[in-house]
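The sequence and structure come next.

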Amino acid sequence: MPTETVYGLAANALSGEAVAKIFAAKGRPQDNPLIVHIADFAEIYGLCPAVPEMAECLAEAFWPGPLTMIVPKGDRIPDEVSCGLDTVGVRLPSHPIARALIRESGVPLAAPSANTSGRPSTTTAAHVLRDMDGRIAAILDGGPCGVGVESTVVSLVGARPRLLRPGGVTLEQLETVLVEVEVDRALYEKIGDDVKVSAPGMKYRHYAPKAPVTVVCGDPQKAAEYIQNRADSSTGVLCFDEYRESFPTCTVKCFGSRFDLAAQAREVFDALRAFDETDVTKIYAQCPPDEGLGLAVANRIKKAAGFVVVDIK
Ligand code: TXA
Ligand code: MG
């Protein structure tokens with residue numbers, strides 16, 4: 001199903017058997033829980049025995065929209081959804097087709113992003129077909145997704161609200177409603193295999209094209225020069241629109257103007273995916289600063305690179 005963030009692979013969230021098919025189709029690790037999508041706010045009371053007051057404030061401000069809240073889980077959610085955790089992620093999407101599908105189904109829908117596990121998320125029906133052809137019953141084509149990066153994931157089960165994944169709702173926006181938001185360090189750095197993470201999805205290699213990616217952060221002009229000094233004809237470059245002509249010997253994919261974070265969010269997964277249709281052997285990427293939607297875009301690019309990051313001063 002299309003959502004305003006990315007396409008989702010949907011199944012009845014109340015059926016363990018249905019949800020198991022999502023894991024099979026994606027090749028998803030069995031310990032990575034799914035988000036449950038609802039069409040009306042009141043449905044959260046049927047999924048969560050004690051809805052935190054903060055959830056009501058956040059819903060008021062950001063639902064329907066690209067925000068997922070981690071809350072205590074009720075008995076109706078099967079273990080296949082929560083992977084043994086006592087919490088569940090709940091989201092009320094704004095996309096009219098997603099909401100119509102949830103209403104028509106008469107049940108909440110569990111849905112991860114509709115990509116093969118490890119690959120960049122899917123923002124068009126063509127992306128979904130590429131990864132899922134032969135593995136799923138159908139695709140509802142709602143055109144390209146408007147936001148382009150996934151929902152922001154906020155945990156409301158600890159002492160303080162905690163940002164587990166930056167996304168379509170920015171940290172700055174969250175801070176207008178929540179006095180204090182803790183930011184998980186997994187957003188910025190690679191997590192060791194022995195560390196217990198707050199969102200199981202944090203520890204997996206993600207969004208990755210086949211060729212290894214190096215992110216070059218900092219002033220875009222200096223980043224471009226750094227890349228030019230290392231590039232050859234087998235190099236892919238993920239860059240801002242302004243630098244389209246700067247790497248004439250390379251395979252170049254642009255992901256929006258350096259000044260347009262919304263465009264970068266919309267285009268970043270399509271650009272990352274496009275490298276897999278080429279024979280580049282290494283990829284360099286420019287990256288926006290960690291502000292506004294830039295935090296989510298930079299997080300996706302850094303995860304695609306396995307946090308191989310060069311900081312240009
Ligand atoms: O925008 C989105 O959120 C999209 C669309 C389809 O709604 N869905 C999506 O799902 O991105 P997925 O499965 O690709 O990412 C869900 C993330 C994972 O990192 C997972 O570990 C985390 O949310 N998550 C889900 N349930 C959780 C829980 N109970 N506690 C902590 N993290 C959780
Ligand atoms: Mg995903």
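Eight strands form an open sheet with mixed pairing, in the order β1-β5-β2-β4-β3-β6-β7-β8. At its edges stand β1 and β8 (182-183), each of which pairs on one side only. Strands are DSSP runs of E of at least two residues, helices are runs of H or I of at least four residues, and both are numbered from the N terminus; two strands pair if DSSP finds at least two bridges between them. Strands β2 (residues 35-37) and β5 (residues 109-110) run antiparallel and are joined by two bridges. H37 has L109 in β5 as its bridge partner.

The model is predicted: local features need pLDDT of at least 70 and side-chain atom pairs pLDDT 80 or more, while totals for chains, interfaces and linings use all residues. Residues are numbered from 1 along each chain as its sequence is written, and side-chain values use heavy atoms, without hydrogens and water.

The second largest pocket holds about 360 Å³ of space. Of its 21 lining residues, L9, A10, I136, A137 and A138 are the closest to its centre. A pocket here is an open set of points on a 1 Å grid where a 1.4 Å probe fits, with protein on both sides within 12 Å along at least five of seven lines; lining residues have an atom within 4 Å of a point. The volume is the space filled by probe spheres set on the points, which are joined across faces, edges and corners. Helix α1 (16-26) is among the elements that supply at least two lining residues, and α1 gives the most, with four residues.

| Class in the lining | Number of residues |
|---|---|
| nonpolar (Ala, Val, Leu, Ile, Met, Phe, Trp, Tyr, Cys, Pro) | 16 residues |
| polar (the others, Gly among them) | three residues |

R273 lies in helix α9 (residues 261-274). Leaving aside neighbours within four places in sequence, R273 is in contact (heavy atoms within 4.5 Å) with residues including N115, R119, H127 and D131.

Key:
Chains are lettered from A and ligands numbered from 1 in the order in which they are written.
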